[in-house]
Amino acid sequence: MKILITGSTGFIGYNLAKFLNNKKNKIFCNYRKNKKFLKGIKTKKISLLKKIVFKEKLDAIIHCASKTPVNCRNNNIIFYENLKMMDNLITLAKEKKIRKFVFLSSVSVYGKINKKILKENYSPNNPNKYGKSKLICENKLNALIKHNIEFICIRLPIVVGQNSHSNFISTITKKIIQNKTILASNKNSYFNNIVFIDDLSKFIKDFLYQKKKINKTINVGSNYKMKIINVINFLFKKFNKKKKIKWVKSKSKPFLIDFTNAKKNGYQPSTVKIALEKYSDLKLN
């Protein structure tokens, strides 16, 4: 299978490319500045903000690239560029008559969450520009159905693995390792808002090769919820550090992710504890 992966210099895109890089697949990754990458992977200098010229045959596109509040402070740029990238990739998908399109979306599409259980049919509640851009991009993919192109939109929570960053787990882990006091809230609330990168990669790989046709937007998470306080205690114990926690009040309400639809379509997640175990083992090695 010939696969184009966008955003391959980022944490998720890089790990996906690495996971899918085998004799069965030919992986292409776009770059703007730095073209150094994994052995056996083809790199191409492509701007996703312009019409994409791609001569080789393609079977699938995995769209990981994104403007986020982490890499851009201008909300208008975040909104415009995310939509522009999607428009150009949809055009490419039609031109190349690909079979599969994977879009990495975000739970940010839901905005302010007031539900205890987060399901896909939960109506967005005033999402920020980033969340709105992801939601509109999801809707744009419906245009692929009449071209017989299957797609899946995966609404991501926290994704952890080697070099993961800019999320609750990665941030507190860094502070724990540095013997700094961490701030946390909702200590007795349950948590399953985490995905280990290999579980995500396997799910995407299975989607690319499965014969069952689906066009879906789905949530993902981890099995067997844990209390926030137990998550944090696990990390302190794992890194053999003295507990330094300051519990604070938060305006955000805790929630659990319902990923029943993902399971029905082959998603096989780790438990929260195992995801934390795998992630922390990578940090220790």
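Is Thr 6 buried or exposed? In this predicted model, Thr 6 counts as buried, because its relative accessibility is 0%.

## Thr 6 and its surroundings

Thr 6 belongs to strand β1, which covers residues 2-6. Although Thr 6 and Cys 64 are 58 residues apart along the chain, their C-alpha atoms are separated by 5.3 Å. Cys 64 is likewise a buried residue, since its relative accessible area is 15%, and buried here means under 20%.

Asn 15 sits in helix α1, made up of residues 11-20, and with a relative accessible area of 13% it is buried.

How many disulfides does the structure have? When cysteine sulfur atoms must lie within 2.5 Å of each other to be counted as a disulfide, the count comes to 0. Cys 64 accordingly takes part in no disulfide, and the cysteine sulfur nearest to its own, that of Cys 29, is 8.9 Å away.

## Salt bridges

A search of the whole structure finds 10 salt bridges. One of the pairs is formed by Glu 56 and Lys 44, whose closest N and O atoms are 3.0 Å apart. Because Glu 56 lies in the loop between β3 (42-45) and β4 (60-63) while Lys 44 lies in strand β3, this pair ties together parts that are 12 residues apart in sequence. Glu 56 is partly exposed, at a relative accessible area of 26%, and Lys 44 is partly exposed as well, at 25%.

Lys 100 forms a salt bridge with Glu 150, and here the closest N and O atoms are 3.3 Å apart. This pair links distant parts of the chain, for Lys 100 is in strand β5 (residues 100-106) and Glu 150 is in strand β7 (residues 150-156), 50 residues apart. Both Lys 100 and Glu 150 are buried.

Within helix α5 (residues 197-209), Asp 206 and Lys 202 are 4 residues apart, which means that about one helical turn separates them. Asp 206 and Lys 202 form a salt bridge in which the closest N and O atoms are 3.0 Å apart. Asp 206 counts as partly exposed at 29% relative accessibility, and Lys 202 counts as partly exposed at 36%. Elsewhere, Lys 238, Glu 277 and Asp 281 are linked in a network of salt bridges.

## A positive surface patch

Which residues form a positive surface patch? The patch is made up of Lys 174, Lys 175, Lys 180 and Lys 283. Among them, Lys 175 is found in helix α4, which runs over residues 168-177, and this residue is partly exposed, with a relative accessible area of 30%.

How values were computed: Residues numbered from 1 in each chain as written. Predicted model: local features only at pLDDT ≥ 70, side-chain atom pairs only at ≥ 80, totals over all residues. Heavy atoms only, no water. Patch = residues over 30% accessible without salt bridge, like charges linked within 9 Å, V, L, I, M, F, W, Y side chains within 5 Å. Areas by Shrake-Rupley, 256 points an atom, 1.4 Å probe, with all protein chains shown as cover. Salt bridge = Lys/Arg side-chain N within 4 Å of Asp/Glu carboxyl O. Lys, Arg positive; Asp, Glu negative; His and termini not counted. Charge placed at Lys NZ, Arg CZ, Asp CG, Glu CD. Helix = DSSP H or I, 4+ residues; strand = E, 2+ residues; numbered from the N terminus. Buried < 20%, exposed > 50% of the residue type's maximum accessible area, 1.4 Å probe, protein only.
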